[in-house]
Amino acid sequence: MEHGSVDDSKASTFSIMDEDHTLANSVRFVLNQDPRVAFCGYSIPHPADNKVNIRVQTTGDPAKDVLKDALQNLTVMCQHVRGTFDTAVTDFRGNKPAEAMDIDLNKK
Amino acid sequence: MPKKGAKKAKEMDDVPDQQEKKLPDYLELQRTRVACKADAPIHTQGFQYSGAYAAMGVDNSMSVEKFRKNFKIEINRLTEDDMEFDMIGVDASIANAFRRILIAEVPTMAIEKIFMVDNTSVIADEVLSHRLGLIPLDADPRRFDYMSENDVPNERNTIVYKLHVSCEKGSQRITVKSGELEWLPEGSQLNMSSPAQSGDKQKTFTSFSQSQKEIYEKPLGVKFKDITIARLGPGQAIELEAHAVKGVGKAHAKWSPVATAWYRMLPEVVLLKEIEGDDAEELVKKCPVKVFDIEDLGNGGKRAVVAKPRACTLCRECVMCPTGEHIELRRVRDHFIFTIESTGAMPPEVLFTEAVKILEEKCERVIAELS
């Protein structure tokens, strides 16, 4: 849920349930890279509660939109990572039969 | 010299070849390397803020296109059980997110409920159950569903195993290994209530509508058959039925699909000054992982060169000796050497793909919550 002021949509804090450093740190990194962001950070109010607060302050755009864009960017980055990784595995497997002799020596 | 507050648009008119303004070398070093000094590392925080160098007219922002251009993966080793690969162009927060998800949030199957019929061994019921839970199972968790409190155990969410061992009186002690766990593809064989009415079908603890042999082509046994579960002396016996369900490492470590997963940053070793002669020999001898090597110069002189910087473990032996001021140890901030060791349920490359998928799902869940 979003905690912000009624008239100023540029800055607000988003409280997300069931999340921890895994997502929050990644989103904070992607948010920082966006030139529309003036300030961003995250905090975990209490380690026993599964809640994380992400603070976004922008240079004019509504904070909610900037956060959504950052999440979209993170999704696209993940898809690209997956695609590159799959290609790399296929290439590695394709080259392996050619170097099978060397690999056997290195295998335990 | 850096202009204060200069916009990129104005720069384009000045510079004919439209090159981006670059940072001075020492700042570029600060931005891309962690310097590991003799006592502690410095510049550990990255400069991620898009406006960090705005005063100098350098744009630090990064878009998805730039990420796509710079991102690379190089695989070094890929076997059935473990893999090592290099991830270049990504930040520590994302690499750490993948590591955390691999350890705690990729689901697996593990034994959860034990129905104990007979246990006359010296191992207590709960200790035996705990050990059984930690045994890795050879089942692909993507083909199973989660089971919640109200669900009936059926062939889509439970795997049933039986263990029935006994040691005869007068014989030697035997060791019960994990290979003795027998997979029951038809479901539970224990009857729930005593046979009060004389019907042909007894109610068991699971309701399998079809045999699991037809659904899953290969047998869902244990991955390693030589794990010691218990030891039985003469006259002792263990008879139990175990039910395995799907879960994540966050709930209990038995559901973690990796033995472990870790990453380290690529080390960079730089010699600021030439190290020659006996000093070079000493340096080569000091390093326990043979990072340095001797290069013979023409007239009988010797020089130390950096042969294998990747092997550096940051023991700092080389910087603590007298020639230490001329050596700089650094870590490249966006180059990660990832190692994943799987326990066997899924091969390591599948595990990494699943972990990335889970991060995507998390993002989508938050996007849905925001809209």
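What percentage of the 371 residues in chain B do buried residues make up? The share is 43%. The views below come from a predicted model.

**View 1. Chain B as a whole.** Chain B holds nine helices and 14 strands. Its radius of gyration is 30 Å, well over the 21 Å that the globule rule gives for 371 residues, so chain B is more spread out than a compact globule. The C-alpha trace spans about 95 × 60 × 35 Å along its principal axes. Chain B exposes about 20,000 Å², and carbon and sulfur atoms supply 50% of that area. Take the contacts in chain B between residues at least 6 apart in sequence: 72% of them join residues at least 24 apart.

**View 2. Chain A as a whole.** Chain A has three helices and four strands. Along the sequence they follow the pattern β-β-α-β-β-α-α. Of the 108 residues in chain A, 41% are buried. The accessible surface is about 5,800 Å², and 51% of it belongs to carbon and sulfur atoms. Now take the contacts in chain A between residues at least 6 apart in sequence: 56% join residues at least 24 apart.

**View 3. An aromatic pair in chain B.** The whole structure contains 11 aromatic pairs over all chains. One of them joins F85(B) and F352(B). A pair of aromatic rings is described by the distance of the centres and the angle of the planes. Here the ring centres are 5.0 Å apart and the planes meet at 70°. An angle over 60 degrees counts as edge-to-face, so the F85(B) and F352(B) pair is edge-to-face. The pair links distant parts of the chain. F85(B) lies in strand β4 (residues 82-88) of chain B, while F352(B) lies in helix α9 (residues 348-370) of chain B. The two are 267 residues apart. Is F85(B) buried or exposed? F85(B) is buried, because its relative accessible area is 0% and the cut-off for buried is under 20%. F352(B) is also buried, with a relative accessible area of 0%.

**View 4. Charges over rings.** The charged end of K246(B) sits over the ring of Y146(B). The distance to the ring centre is 4.7 Å. K254(B) has its charged end over the ring of W255(B), 4.8 Å from the centre.

**View 5. Cysteines without a disulfide.** A disulfide is a covalent bond between the sulfur atoms of two cysteines. How many disulfides does a search of the whole structure find over all chains? The search finds zero. C40(A) is in no disulfide. The nearest cysteine sulfur belongs to C363(B), and it is 15 Å away. C40(A) is buried, with a relative accessible area of 11%. Another cysteine, C167(B), is buried too, at 4%.

**View 6. Q72(A) and its helix.** Q72(A) is found in helix α2 (residues 63-95) of chain A. Its relative accessible area is 42%, so Q72(A) is partly exposed. How far apart in space are Q72(A) and R93(A), C-alpha to C-alpha? They are 32 Å apart. In sequence, Q72(A) and R93(A) are 21 residues apart.

Key
Residues numbered from 1 in each chain as written. Chains lettered and ligands numbered in written order. Predicted model: local features only at pLDDT ≥ 70, side-chain atom pairs only at ≥ 80, totals over all residues. Heavy atoms only, no water. Phe/Tyr/Trp six-rings, centres within 6.5 Å; stacked < 30°, edge-to-face > 60°. Buried < 20%, exposed > 50% of the residue type's maximum accessible area, 1.4 Å probe, protein only. Lys NZ or Arg CZ within 6 Å of the ring centre and 35° of its normal. Rg over C-alpha atoms; globule rule 2.2 N^0.38 Å. Contact = heavy atoms within 4.5 Å. Areas by Shrake-Rupley, 256 points an atom, 1.4 Å probe, with all protein chains shown as cover. Disulfide = S-S within 2.5 Å.
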